[in-house]
Amino acid sequence: MVTSNKDAEPLVRDFEDLRRGDVGLVGGKNSSLGEMISTLMSEGIAVPPGFATTAHAYWHYIDANKIREKIGLLVSEWQAGHATLAETGQTIRHLFLRGSWPADAAEAITSSYQKLSTKTGIENLRVAVRSSATAEDLPDASFAGQLESYLNISGKDKVLEACRRCYASLFTDRAISYRQTKGFDHMSIALSVGVQRMVRSDAWGSGVMFSIDTESGFNKIVLINAAWGLGENIVQGTVNPDEYQVFKPLLDDNKLVPIVQQKRGDKQIKMILGRSHHAPTRNVPTSKAERAALVLNNDEILHLARWGCIIEKHYGCAMDMEWAKDGITGELFIVQARPETVHSQTDAAILKTYDVKNKGRVLATGLSIGNAAVAGHLCLIEDAKDIDKFIDDSILVTGSTDPDWVPIMKRAAGIITDHGGRTSHAAIVSRELGVPAVVGTGNATYVLHTGQDVTVSCAEGDIGFVYEGISDVTTTSIDLKNLPSVRTNVMLNLANPAAAYRWWRLPADGIGLARMEFVVTNAIQVHPMALVHFGTLRDQAAKEQIETLTTGYNHKPDYFVDKLSHGLASLCATVYPKPAIIRMSDFKTNEYAGLIGGAEFEPSEENPMLGFRGASRYYSPRYMEGFALECRAIKALREDMGFVNAVVMIPFCRTVDEARRVLGVMEQNGLKRGENGLQVYVMCEIPSNVILAERFTEHFDGFSIGSNDLTQLTLGVDRDSGELAELFDEQDEAVKWMIARVIRVAREKGCKIGICGQAPSDHPEFARFLVQAGIDSISVSPDSFLAVKRHVVDSEKA
């Protein structure tokens, strides 16, 4: 600790002497670094060493240069409307930059820098110099990107100059405006400067990590963004980074790899060290190899995620962290940690949902920030110097944002950017403001124009959509407090992994139906047999598409297994450890043929609804190799990732013999019923499933009633026929007899039974019938959950 001769107050403190309670002395950022170095390095977390100037040093600098009264007067003049924000900020910054260091403060900083250089064994050590305000990184104030940081600083004079510039950055226009909005007294906040050994991430990569999902607040996920080079590009949103999601509850088992998602960003540029003191950093294009590769391998992803969990546990709240990998030594470091400031302020008992109807054509897509939707006029601004042209309450379109854009971001109804990931400046500020944003579109400024009517939807999962025209947007608030408990389980029907986390707060009893087809259609897009037989595929256009989609996979079928297992993992994670019942693929032949390369492998059928579908495909030479890939994906999901809550369900199983054959094929592919807790259910959607229910229970652990197909086949009514629509009735006496019988048999045999369909939410009397018949579970779409729960409560009371 280095102190002033005048009053013995500390001017500089080593990080190792700081604790998180020292926010008033060194700000949130530096106190947190000290906390981690002093308490968490023993748990294996690596933090680069350094020191911090104190608030006393800041006020000492101000008073030595006699600028305290001048700053106060300038701020008062601005608050009174006698000067503009720009004039005020520039004048105050000049006061700092023209000032001289008091001798004792300069000595304190330079001697601490020399001591740090000696400690690391590197003369004129390269350091990162970062600002840390004494009101920063509080649960309700992030100061995201408003204060300056300087990288690759070397030498005593350069360190002093960088510290002076950090002081001045406390009065950038955006920082002044933010403090005014938040009600902070400008003259009561001091600035500390952190000087930290520079991690050579310029020679590898760096990024940001959150201990929760940033959009839904799902608290079982660690979210990691990664890009090549120094981390400023991620924060500034000038690069589209890789994104990794890790499931926290399974991290304790070192044999598992619970990486739920790996998305490769294009990472078109990287920041590296500059060639001179005047330009300490510079951006250069990345190579094709770097763009095609992931920045982190699996071990590194899991290593960081485990660190994130340790830090979150220590602080007792969700955390926002920055990490860096040294390309010279190969070491990983945590370089910053602060409380997450958005979801920590949200009422977890209220679930607000948005629904978009009458959508126009899709104009652009990107990452969705938040879960809201808004319709309005566009205002395209490409340069910050033109922000005075912004029209209030319009939707801002731009390449990327930095803190200079905050004043108009506050006035925007929505935000769309070309570049940036979930931890970019545009994403952070939009999230804090509660403004829906679609970031990283790649082409918004090219395809959109000022005055255009659009709808911005962040209500459909990870992907954000920009639709042409003004759509109908409705908002629903669900109060999750005091929901009564019931005997009958109420579960969810989910298909879209990207939207699954939106529903984590619903007190559902699991997933009653997870449709594999959605993942195949949207995430994979390719017919599995076209991957298995890629070498002999005749469709050249399909081969080219497959080559593009499977970039990075040496063995084409691995692409199917990887994409399917990770897509299903998001669904299983949402309800873990409650069951997630995954229906194996149930495309009809015409739907399979529509997949890339599928036409060569599918027969043409007059009536695909009753044709080559479901269980009959799984043991057929036409599809057995494709089914093997589905089984490999389930095996990876359960055994490699650890999602043993995944339950397999077989659709459209016509006979008991077919059940035996399918279970035999599954066993050949490593999925044996009962082994490692694997349960196998069957869809009850054919009259034979009801008639021979007792015998089906010998081969399956549960039934799920598919009321649409069961109604169709019981009544002999084509459910797609408009002429017969009034005859298609799930509450017909014959259908109800079928349902009541299979429920009775299942209960007698100790076999689980549920139903997945819309009828219980649309018809309270049907829900009452199911409850009275003794059904174990009712599975519905998330937007129907509350209504069905109420119907079940009323039915059980009756």
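Which residues lie nearest the centre of the largest cavity, and how many residues line it?

## Basis of the model

This is a predicted model, in which local features need pLDDT of at least 70 and side-chain atom pairs count only at pLDDT 80 or more, while totals for chains, interfaces and linings use all residues. Residues are numbered from 1 along each chain as its sequence is written, and side-chain values use heavy atoms, with hydrogens and water left out.

## Cavities

The largest cavity is lined by 19 residues, and Arg-130, Ser-201, Gly-231, Ala-324 and Val-335 lie nearest its centre. Two or more lining residues come from each of strand E4 (127-133), strand E6 (191-197), strand E7 (205-210), helix H8 (232-236) and strand E13 (319-325), where helices (H or I, at least four residues) and strands (E, at least two) are DSSP runs numbered from the N terminus. A cavity here is a set of points, on a 1 Å grid over the protein atoms alone, where a 1.4 Å probe fits but cannot get out, and lining residues have an atom within 4 Å of a point. The volume of the largest cavity is about 190 Å³, a volume being the space filled by probe spheres set on the points, with grid points joined across faces, edges and corners. Its lining has 10 nonpolar, 5 polar and 4 charged residues (nonpolar: Ala, Val, Leu, Ile, Met, Phe, Trp, Tyr, Cys and Pro; charged: Asp, Glu, Lys and Arg; polar: the others, Gly among them).

The search of the whole structure finds 5 cavities of 30 Å³ or more, and the second largest cavity holds about 110 Å³ of space. The second largest cavity is lined by 13 residues, of which Glu-215, Ser-216, Gly-461, Asp-462 and Arg-502 are the closest to its centre, and this lining divides into 4 nonpolar, 5 polar and 4 charged residues.

## Overall dimensions

The protein has 29 helices and 31 strands. Its radius of gyration is 30 Å, close to the 28 Å that the globule rule gives for 798 residues, so the protein is as compact as a globular protein of that length; the radius is taken over C-alpha atoms, and the rule is 2.2 Å times the number of residues to the power 0.38. Along the principal axes, the C-alpha atoms fill a box of roughly 95 × 50 × 50 Å, and 59% of the 798 residues are buried (buried means under 20% relative accessible area, exposed over 50%, partly exposed in between, with a 1.4 Å probe and protein chains only).

## Sheets

An open sheet of 6 strands has the order E10-E9-E8-E7-E13-E14, with antiparallel pairing (two strands pair if DSSP finds at least two bridges between them). Strand E10 (259-263) and strand E14 (332-339) stand at the edges with a single partner strand each, so one side of each is left without a neighbour in the sheet. E13 and E14 pair over 7 bridges, and Asp-320 stands opposite Arg-338 in E14.

A closed barrel of 7 strands runs E16-E20-E19-E18-E17-E21-E22, with mixed pairing.

## Backbone features in loops

The peptide bond from Tyr-576 to Pro-577 is cis, with omega near 5 degrees, and Pro-577 lies in the loop between helix H18 (556-575) and strand E26 (580-583).

Gln-525, which is not a glycine, has a positive phi of about 75 degrees and is partly exposed, with a relative accessible area of 31%. Phe-652 likewise has a positive phi, near 45 degrees, but Phe-652 is buried, with a relative accessible area of 3%, in the loop between strand E27 (646-650) and helix H22 (656-668).

Conventions. On a 1 Å grid over the protein atoms alone, a cavity is a set of points where a 1.4 Å probe fits but cannot get out, and a pocket is an open set with protein on both sides within 12 Å along at least five of seven lines; lining residues have an atom within 4 Å of a point.
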